[in-house]
Structures are given as C-alpha cells and as structure tokens.
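These are my notebook entries on a structure that I looked through element by element. The sequence and coordinates come first, and my notes follow.

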Amino acid sequence: MSVPLQRTTSKTASFAPPPSTDPLELIIWENIAYLANDKRRAEAFAILKRTIGTRPDQILAAQHSALAAIGKAGILPDVSAEKLLTIAKIAHEEFQSDLGSVLRKPLPQAKKALKRFPSIGDPGAEKILLLTRSYPVMALDSNGLRVLCRVGFAEEQKNYPATYRLVLDAIHGQLPRDYDSLIRAHQLLRQHGQELCKRSKPRCTECPVRDSCNYGRKV
Ligand code: SF4
C-alpha cells in the first residue's frame, strides 16, 4: 500500500489542533465534555480556563456542580466533572502538578505515566507526546484509523488496540519525521474521517483517494 498520507485530504480547511500544547491541558481537553464536537469542546475549555483555571489546585478547589455545568457541552456532565477532579488529583499527588517531567522520560515510561489519566490509552498518550513535540510519533484517532483501514493498510480486528498497532506498523515506513507534518497528517486524517470517510455511509464518490482505496473501489 503506497497512498501518500497527504492525499487523504478533503477540500475544506483542516481542523485546528487543540488550543494548548501543555500536557495537562491536553488531558483536560480530552475529558472536559464527553462526546462534544470540537466547537463545543473549545467553548467548554475556554470557560474552564476563564472561570476556574486548569491548574490542579484550581480544579480541586472548584465545586463539582461548576465543573458539571461546563461538562454540559457534552453528555454525562457529572461524569466529565468527576474525571476533571480525578485528573487534578493524579496530577497533584503523583506528579507534583507538573507533567513536564513526564514528557522527558523515555517513550515507554512517558506513555505509561500519561495512561494513568482517565480516557488516555495508547492513542491518547501518543497524541499528547506528538502535540507537545516531545516525541515524533504518529497518533491516530478513531477517524484516522478507520480511513487507513478502509484504504487498505490493515484489516480491522475485533480488538481496537490490535487494529491500531497493525495500522501504525503498516504506515511506519511512509511517515514523515518532523512534528509539523505528523501533526498535519493526524489532523487531516481525522478531518477526512469525520467529513467524508464517515463510519456509516462514507462519501466515496466525492473522495480524492478513491482510486487508491480498497473500500472505495468496491463501492
Ligand atoms: S474512498 Fe471511501 S472508504 Fe476510501 S477513503 Fe475515501 S471515503 Fe473512505
């Protein structure tokens, strides 16, 4: 399979990355509003920064109800509030409120430390390490992973982590090594999966990489 990642783009402007490169804020970004779209997530994040703050001590001092009100940008706001409190507690108790030292650890230990936080698995940890420009690793969200499976880099497995590893192994030799290109590839694949290569009813007839896509050629 030799489809350049740059070709998996749609016609519209690329999605912006999260509005922070701070590791703790990126963890908060993932958890602040469950299943919210980027616009609503950004609004919730801005309100948190403006009214409460994103330092662990500021979040731990906040009322649960105030955090849940912010979490209403998504569903299950009480769960989101609980996650923010858990994040602040872990950051405070296990990392002395400074995740900068985590980013300087060797890659396996850095990922293990980031995975201590709610909703952060291997993909989330790799995304944080990429966006903080700590390690030039490729990170894929579920949209990007779906695109690359359909194009033909790997068969989807029953187990999500197994699919993720298979795809990363398959694209490894084609990846750029610089942060800007990796971040752009992450964002564009995510955008492509959200706008064209949707989970149900992908819009293959409009897709610029259809001729190179296993799934698209069959449609
Ligand atoms: S051709 Fe269809 S399945 Fe393939 S990448 Fe494009 S939208 Fe997705």
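**Entry 1: terms and model.** I take helices (H or I, at least four residues) and strands (E, at least two) as DSSP runs, numbered from the N terminus. I worked on a predicted model, in which local features need pLDDT of at least 70, side-chain atom pairs count only at pLDDT 80 or more, and totals for chains, interfaces and linings use all residues. Residues are numbered from 1 along each chain as its sequence is written.

**Entry 2: the ligand shell.** I looked up which element gives the most to the shell around the ligand, and found α9, with three residues. I counted a residue as near a molecule or strand if its C-beta atom, placed from the backbone, lies within 6 Å of it. By that criterion 14 residues surround the ligand, and Cys197, Cys204, Cys207, Cys213 and Gly216 are the closest. The elements that give two or more residues to this shell are α9 and α12 (214–218). For the classes, I counted Ala, Val, Leu, Ile, Met, Phe, Trp, Tyr, Cys and Pro as nonpolar, Asp, Glu, Lys and Arg as charged, and the others, Gly among them, as polar. The shell then holds ten nonpolar, one polar and three charged residues.

**Entry 3: cysteine 213.** I next located cysteine 213, one of the closest residues to the ligand, in the loop between α11 and α12. I call a residue buried if 20 or more other C-beta atoms lie within 10 Å of its own, exposed if 12 or fewer, and partly exposed in between, with C-beta atoms placed from the backbone. Cysteine 213 is buried because 22 other C-beta atoms lie within 10 Å. Two residues are in contact if their C-beta atoms, placed from the backbone, lie within 7 Å. Apart from its neighbours within four places in sequence, cysteine 213 has contacts with Arg150, Val151, Gly152 and Cys207. I also noted cysteine 149, which is 64 residues from cysteine 213 in sequence and 9.4 Å from it in space, C-alpha to C-alpha.

**Entry 4: helix α11.** I recorded α11 as residues 179–195, which makes 17 residues. From first C-alpha to last it reaches 24 Å, close to the 24 Å expected at 1.5 Å a residue; the expected span is 1.5 Å times one less than the number of residues. Its buried residues are Leu182, Ala185, His186, Leu188, Leu189, Arg190, Gln191, His192, Gly193 and Gln194. These buried residues pack against α8 (122–131) and α9 (142–151).

**Entry 5: two leucines with positive phi.** Most residues other than glycine have a negative phi. I found leucine 35 with a positive phi of about 60 degrees, in the loop between α1 (23–31) and α2 (38–51). Leucine 35 counts as exposed because it has 11 C-beta neighbours inside 10 Å. Leucine 76 has a positive phi of about 50 degrees and lies in the loop between α4 (64–71) and α5 (77–95). With 15 C-beta neighbours inside 10 Å, leucine 76 is therefore partly exposed.

**Entry 6: two further loop residues.** I placed serine 119 in the loop between α7 (107–114) and α8. Serine 119 is partly exposed, since 13 other C-beta atoms lie within 10 Å. Not counting residues up to four places away in sequence, serine 119 touches Glu30, Asn31, Lys83 and Gly124. Serine 119 and lysine 83 are 36 residues apart in sequence and 8.8 Å apart in space, C-alpha to C-alpha. Glutamate 155 I found in the loop between α9 and α10 (160–171), exposed because 10 other C-beta atoms lie within 10 Å.

**Entry 7: domains.** An automatic or database domain assignment gives the domain bounds; I noted domain 1 (23–131) and domain 2 (139–218). Their C-alpha centres lie 26 Å apart. The contact takes six residues from domain 1 and eight residues from domain 2. The side of domain 1 that touches domain 2 has three nonpolar, no polar and three charged residues.

**Entry 8: the whole protein.** The C-alpha trace spans about 55 × 35 × 30 Å along its principal axes. Buried residues make up 37% of the 219 residues.
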